[in-house]
Amino acid sequence: MSTGAHSSRRRRARSPGRPPVDEEADIRSALLEAAQKLFLKHGFERVTARQIAASAGTTAAMIHYYFGNKLGLFRAMIERVIAPLRSLLVDSLAEPGASPDPARLMGMQMRAIAENPWLPTFVLNEVLAEKGRFRSTFVRDVASQQAPLVIELLERGRASGRFRPDIEPRFAALTLLSLCLFPFLSRPVSGPVLGIKLEGEELERFIAHTVKIFLHGIENRS
């Protein structure tokens, strides 16, 4: 019998208890990826914890162990996408004299959405819909934490003279978010009608186009 087979048998025969750190990371990541695929295909309500666990090659008990329940798994999915964006905003605001860079934020945000196609579908069906199941969770855990940072970034740019003095940072923040998110929400229509594929080199050109439109509207050109 090969060494790999012995190793595999040892892993299967390991006594119950907390998994090793590297195995924990693998299981957690597998559950997140399985949930993303299944939620995107079937919707949150129709997918069970057992289906997610089976797709990830583990048991439903692991969902409870790592995330508490299916809602906790959803929160972790969102956090994995949002955390790098939040870190970028916090770092950008860490130095009082630092020049704001919404272009970098927009690029990172649009690439993150492109890499996670389940996200715009979730926002549309579970947050923006009239009876969106996760609206309050999204408002509390995501929007209420992210939006003030974007507004502060824009306020700082206006105060420094880089952005026009007449812009309203709250409105500009909503415009920024809309420009970044709506193209992905509209994919089912924009794809067949306009032939736009937000991927690869075309995605990068579209990001550059979107950033240019936004900055042209808010930058102080006097």
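**A note on the largest pocket and the α6–α9 pair**

1. Let's start with the pocket: α5 (70-94), α6, α7 (118-128), α8 (135-160) and α9 each supply at least two residues of the lining of the largest pocket. Helices here are DSSP runs (H or I, at least four residues), numbered from the N terminus. This is a predicted model, where local features need pLDDT of at least 70, side-chain atom pairs count only at pLDDT 80 or more, and totals for chains, interfaces and linings use all residues. Residues are numbered from 1 along each chain as its sequence is written, and side-chain values use heavy atoms, leaving out hydrogens and water.

2. The volume of the largest pocket is about 730 Å³. A pocket is an open set of points on a 1 Å grid over the protein atoms alone, where a 1.4 Å probe fits, with protein on both sides within 12 Å along at least five of seven lines; lining residues have an atom within 4 Å of a point. Among the 29 lining residues, Gln 109, Phe 138, Ala 143, Leu 177 and Leu 181 are closest to the centre.

3. Which helix gives the largest share of the lining? It is α9, with 9 residues.

4. Now look at how α6 (residues 102-115) and α9 (residues 169-185) pack: the angle is about 25° and their axes lie 10 Å apart. Axes are lines fitted to C-alpha atoms over the stretch in contact, and angles run from 0 to 180 degrees between N-to-C directions. The two helices are therefore roughly parallel (angles under 35 degrees).

Methods. Parallel < 35°, antiparallel > 145°, perpendicular 65-115°, else oblique. Points joined across faces, edges and corners; volume = space filled by probe spheres on them.
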